[in-house]
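I opened my notebook to look up how the copies in this model sit against one another. Here are my entries, in the order I made them.

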Amino acid sequence: MLPPDPLSLQTALLLVEIAAIAAFALSGLMEAAHKRLDVVGALAVSGLAAFGGGTLRDVLLDRRPFFWVEHSGYVWFLLGLGLITMLWLRRRHLRPTRRAIVWPDTLGLGLFTATGTQLGLQHGMPPLIAVLMGVITAVMGGVLRDIVCNEIPSAFRDHRPYALCAFAGGWAGVAARSLGADEAQALAAAAGLTITLRSAALWGRWRVPAWPAD
Amino acid sequence: MLPPDPLSLQTALLLVEIAAIAAFALSGLMEAAHKRLDVVGALAVSGLAAFGGGTLRDVLLDRRPFFWVEHSGYVWFLLGLGLITMLWLRRRHLRPTRRAIVWPDTLGLGLFTATGTQLGLQHGMPPLIAVLMGVITAVMGGVLRDIVCNEIPSAFRDHRPYALCAFAGGWAGVAARSLGADEAQALAAAAGLTITLRSAALWGRWRVPAWPAD
Amino acid sequence: MLPPDPLSLQTALLLVEIAAIAAFALSGLMEAAHKRLDVVGALAVSGLAAFGGGTLRDVLLDRRPFFWVEHSGYVWFLLGLGLITMLWLRRRHLRPTRRAIVWPDTLGLGLFTATGTQLGLQHGMPPLIAVLMGVITAVMGGVLRDIVCNEIPSAFRDHRPYALCAFAGGWAGVAARSLGADEAQALAAAAGLTITLRSAALWGRWRVPAWPAD
């Protein structure tokens, strides 16, 4: 088998990233519609959902520039996506959108976990902290979205494995690196396990245990 | 016409800044009273409303010291203002205060937008990001105030143009700079447009569209 | 009287720190149980309660590495404590735990106030800002815990002196340093006064005044 062409790999990764950011942003728009925010609120919550996790990770790692500063095209993309969505979805039901973003959201969970964990390792973090950086990248955007919308974060109470999949996937990335894999392989291991677990959890309706159980 | 005396300009700017900080702090005190916080909570929310936006901007720009660290007199001012307000307003209605702070709040919106945008440009941010830094400086103090008070931020759902005025004003500051204006002129352009738009919006009861409209 | 053996002093301090972190973490677990979070949410809120205040202080001081990065054993400790607590408290009442953590929580309030204030001084902060860093270290973990759980922070509305004790204790630490005390003495002064005041407040059911009083 030939190694994949690095250029088409780059393009594929970029497309996955754009799809993931769009999915996270749409989750924010949907929550904003549910809470009857105005257009400004919808755009703010959408941006927070898409960029909040990576930004928090970068603040914790003391890493600059943020990726949305380096690539400010992403911010324009988000503003455009938000405005187009708001015009296009004026009178349609939002439910189909909610289902349509489940898979790009899963891709995003995997991708952001993988890149967050590797960035943590690159900044010299111990393994557990690097994995937490991956989880924070993938999960905290949604957490901040829910806090601003005055809800207990769904990642903390919906009893569906989400952060847990990221946690396991992050360890796969750490393990791959310590077994001598290069960075691309470690990214693939982390994203692969996260996406597999999350898909299985969605498919099999796995439940995170409640507490206190009685 | 003679150029303005730089010293009296400085003094005027300082007075506007103090009035704006006082207006933001009072908005926090009012929200705290509404939510029946204790004295500690009222002072904390008041400080968050006044300094939260600028502090978040400085964390994002990785800029130190914060202006309330460099000028810790502002923190004393805030503590004093809070205690005096709480003693003085014990038995009076808060409604007149709410109306009295609309205009200093508008000044603050303009001033903080203008300085935040220029600081963004000074730190080498692309134009859109610099404008967002201006909006964050002006708006996020109130957003944090509302989050701590367990409300959806009013800037995101009251359908009144607030962040939008800051957004437009920030672009005026960027445009002025790129057209060769010096920093004072760019500050004036940004603050001027923000304040004009906000005043017009208050006067004309402009509305930000709701979404989804149906 | 002989000076205390520095090694046993270190051990004592470490034990106090562990007890304090455990108390803060348990306060998060209890809040999570009250809000019916899942296991992921309970661990996240517990970690936020234990490490949120110190992390926010370090972000504000631009100080790295965070203490939970430098000593990532604390994160393992927290995960273990959380899981064991959740298994062990499955069917028991949580009320006895709430009472059991009042005293370690008071120790933590004193310890974190003292260390936060001294770190502020070491980073060249003016006295008031150093004291605020102490208060933030001790109080903001609980504030973030309550915000994530969609409650107005109890430190801001329960009318019991908590942040006020930390504020007074921080000043004792600043005063001790400016009177020529070494760092250990300043830590003892700050922690001692904070713990004394908080104990007296609990004992005597002191109340922070409400506002507006009418």
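This is a predicted model: local features need pLDDT of at least 70, side-chain atom pairs count only at pLDDT 80 or more; totals for chains, interfaces and linings use all residues.

I then asked which helices of chain B give two or more residues to the side that touches chain A. They are helix 2 (39-61), helix 7 (127-148) and helix 8 (163-178) of chain B. Helix 7 of chain B gives the largest share, 5 residues. Sorting that side of chain B by residue type, I got 22 nonpolar, 2 polar and 6 charged residues.

Next I looked for salt bridges between chain B and chain A, and the count came to 0.

How many residues take part in this contact? I noted 30 from chain B and 32 from chain A. For the size of the interface I looked up the buried area. The size of an interface is often given as the accessible area lost when the parts come together. Chain B and chain A bury about 2,600 Å² between them, and carbon and sulfur atoms give 71% of that. On the chain B side, Ile152(B), Phe156(B) and Trp211(B) lose the most area to chain A, together 32% of what that side buries.

I turned to chain A and chain C. Here 30 residues of chain A are in contact with 32 residues of chain C. The buried area is about 2,600 Å², with 71% of it on carbon and sulfur atoms. Ile152(A), Phe156(A) and Trp211(A) supply 32% of the area chain A buries against chain C, more than any other three residues. I counted 0 salt bridges and 6 residue pairs in polar contact between these two chains.

Do the copies meet through like or different surfaces? Only 13% of the interface residues of chain A are also interface residues in chain C, so the surfaces are different.

I also superposed chain A on chain C: a rotation of 120 degrees with 0.0 Å of shift along its axis does it, at an RMSD of 0.0 Å. The two copies are therefore related as by a three-fold rotation axis. In chain A, the C-alpha nearest the axis belongs to Asn150(A), 3.8 Å away from it.

Last, I checked the UniProt record. Its unreviewed entry places "domain: Glycine transporter" at residues 15-88 and 103-175 of chain A. Residues 15-88 are 85% helix and 0% strand, while residues 103-175 are 75% helix and 0% strand.

Key. Residues are numbered from 1 along each chain as its sequence is written. Chains are lettered from A and ligands numbered from 1 in the order in which they are written. Side-chain values use heavy atoms; hydrogens and water are left out. Copies are superposed by least squares on the C-alpha atoms of residues with pLDDT of at least 70 in both. Contact means heavy atoms within 4.5 Å. UniProt positions are given in the numbering used here, feature names are shortened, and annotations may be inferred rather than shown by experiment. Helices (H or I, at least four residues) and strands (E, at least two) are DSSP runs, numbered from the N terminus. Buried area is the accessible area (1.4 Å probe) that two parts lose on being put together, summed over both. A salt bridge is a side-chain nitrogen of Lys or Arg within 4 Å of a carboxyl oxygen of Asp or Glu. A polar contact is a pair of N or O atoms within 3.5 Å; within protein, one must be able to donate a hydrogen and the other to accept it, and residues adjacent in sequence count only if both atoms are side-chain atoms. Ala, Val, Leu, Ile, Met, Phe, Trp, Tyr, Cys and Pro count as nonpolar, Asp, Glu, Lys and Arg as charged, and the others, Gly among them, as polar.
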